[in-house]
Amino acid sequence: MQCTKFDAVVIGAGFAGIRSLIELQRLGMSAVLLEAGSDVGGTWYWNRYPGARTDSESWSYCFPFPELEAEWAWSERYPSQPEVQAYLRRVVEIFELRDHIEFECNVVAASYDETTNEWTVSREDGSSIDATFLVTGLGQLSVPHVPSIPGLDTFEGETYVTGRWPEGPVDFSGKRVGVIGAGATAVQAIPEIAKTAAHLTVFQRTPNFVMPAVNHPLTDERVAEIRANYPSIWKQARRHVFGFPMEAAGRVYDDVDEQERERIFEEGWARGGFQFVFETFDDLLTDARSNDAVAAFVRRKIYETVSDARTASLLCPLGYPYGAKRPPAGHGYYETFNRTNVDLVDVMREPIQRISPHGVVVGEREYRLDVLVLATGFDAATGAYERMDIRGVGGQRLIDVWKEGPRSVFGIAIPGFPNLFMVGGPQCAYANIPVVIEAIVGWLRSALLRMREEGSARMVATPDAAETWSAEVQRAFDGTLLPKGGDAGSWYLGANIENKPRKPLFFFGGCGAYSGFLAENVAQDFPGFRRESLTEVSR
Ligand code: NAP
């Protein structure tokens, strides 16, 4: 890895970065991938907390490469973190990418030089690499958010942040453990920690609507069936609103009476996972009546499952629509609160006052702990971009350009930042991420080929197109019940981070529609982007 000049630098060895590197190599470009971790995985490298697994079904949480599909056998409906990471390692092996990845390389800055038409990407150690193109796969949930609770650094026990979980096993046995958080991460970690901890105290602020994941191992027959069906799995996923291989339910609230609605919810609940959301009613996230019905159904399930009525009532989300905060998938989550070694503490009515050397203080009471687990979320979408000193034309800083919230074309390109392409960046479609990545990388391939064909040196999004796309992102968001998640701290619009502008961080108009926009953009020769030759660049 002596070279300091490449056609492209890719940042991040998660799904987005790996997929991008493969495509750049297919185009015959020289490319290097820089990764802060010591191995591949991205999200699946950092989030090694107990119980971490996908909420997407394994057969749609992968790449559409026939050579991989033919050999890889998923073991479960929802693969665990080690299995997803093993999959990504295998991808890297098959495509011989490891020699093109620099690990433990923390990128701190990237700046574009107009005179050379090059990006200089700087590592933490002060060294740098130059490249014509900068492709970022920084992750949508890659910067953990640790709330500034007074006294946090005075805690004398062990402290773990779920999004930075250590590699070795963490032993909870015989220990008093506290988990702060009740989002998708905590929902996965809590049942696992409860199995070995002497006592587990869950500090919950906003309860979530948790659907049962209904995980199960995949039989050899099922694996064979999946292998044979990958083309149709991908076809379905590409056109599905959230990028899952499912058909729309084909019915809305008004199509059925209450009894039938209940039956449909029961059936969806039994199937589990996102089938409960997307195969029950198509207007759950857009019609308040449909939403109220599903919310009431989940609350009933909580009361049915949790034996202590007070705990059940604390676990019941109220005051915001179902889905306005990302619904977690549970693996025995509500059942865990029936264990005698698990307690739930409501820190909504009475917030955590401080962390003491011995535990968590809520009101007058100190909960004494040996281990504190912070499952407190992420500075989503823009967080990773804003922590890097990214500078475009004229030295303008991305953090300043995005002061009022992200602005881009398709969540891929930013006016004033030529040849920077985000794969999975803010304002891209919110959906099952491998499917979104596939659409973006397809667009990127077409754009790079077009540039090569006509000999252009740089491609940059126009301000008008970024305005139009940002308006489209807002319009799609406003067409749903999701804005109501703002007051409940939804990270979909940055409401979980103090002083973060409340703007939708993703395009919620559907994965199929998004892919359609990208395909149309290619077909129409990239309206919304300027392409310039070297002479124009140096003028
Ligand atoms: P999250 O949904 O943002 O949850 C963070 C939790 O920490 C919330 O319950 C929040 O309470 C709580 N919290 C934050 N600051 C607090 C404070 N000062 N006092 C008390 N509680 C505090 O984050 P997450 O659980 O990491 O999940 C984020 C996203 O990652 C998910 O929505 C999902 O998209 C993704 N994820 C996916 C998977 C998967 O697919 N398998 C697994 C895990 C995560 P409030 O809600 O009141 O703010």
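This is a short tour of a predicted model, stop by stop, for you to follow in your viewer.

Before you click, note that residues are numbered from 1 along each chain as its sequence is written, and that side-chain values use heavy atoms, with hydrogens and water left out. Because the model is predicted, local features need pLDDT of at least 70 and side-chain atom pairs count only at pLDDT 80 or more, while totals for chains, interfaces and linings use all residues.

**Stop 1: the parallel sheet**

Switch to a cartoon view and select strands β7, β16, β8, β9 and β12. In that order, these five strands form an open sheet with parallel pairing. Helices (H or I, at least four residues) and strands (E, at least two) are DSSP runs, numbered from the N terminus; two strands pair if DSSP finds at least two bridges between them. Which strands stand at the edges? They are β7 (158–161) and β12 (342–346), and each has a single partner strand, so one side of each is left without a neighbour in the sheet. On average, neighbouring strands here are turned by 20° against each other, direction ignored (axes are lines fitted to C-alpha atoms, for helices over the stretch in contact, and angles run from 0 to 180 degrees between N-to-C directions).

Now zoom in on β9 (residues 199–204), which is joined to β12 by five bridges in the parallel sense. Click V202, and then its bridge partner in β12, L344.

**Stop 2: around the ligand**

A ligand oxygen lies 2.8 Å from a backbone N or O atom of A182. A side-chain N or O atom of Q188 is 3.2 Å from a ligand nitrogen. For W491, a polar side-chain atom lies 2.8 Å from an oxygen atom of the ligand. The ligand has 910 Å² of accessible area on its own, and the protein covers 87% of that (areas come from the Shrake-Rupley method with a 1.4 Å probe; for residues, only the protein chains shown count as cover).

**Stop 3**

Is K325 buried or exposed? Look in the loop between α10 (309–315) and β11 (329–330): at 14% relative accessibility, K325 counts as buried. Buried means under 20% relative accessible area, exposed over 50%, and partly exposed in between (1.4 Å probe, protein chains only).

Then move to S56, in the loop between α2 (43–46) and α3 (66–71). S56 is buried too, at 8% relative accessibility, and its side chain makes a polar contact of 2.9 Å with the side chain of N432.

**Stop 3: a hairpin**

Finish with β5 (residues 118–123) and β6 (residues 128–136). They form a hairpin with four residues between them, and G126 in the turn has a positive phi of about 95°. Four bridges join the two strands in the antiparallel sense; T120 stands opposite D130 in β6.

Methods:
Polar contact = N/O pair within 3.5 Å; in protein donor to acceptor, adjacent residues only side chain to side chain.
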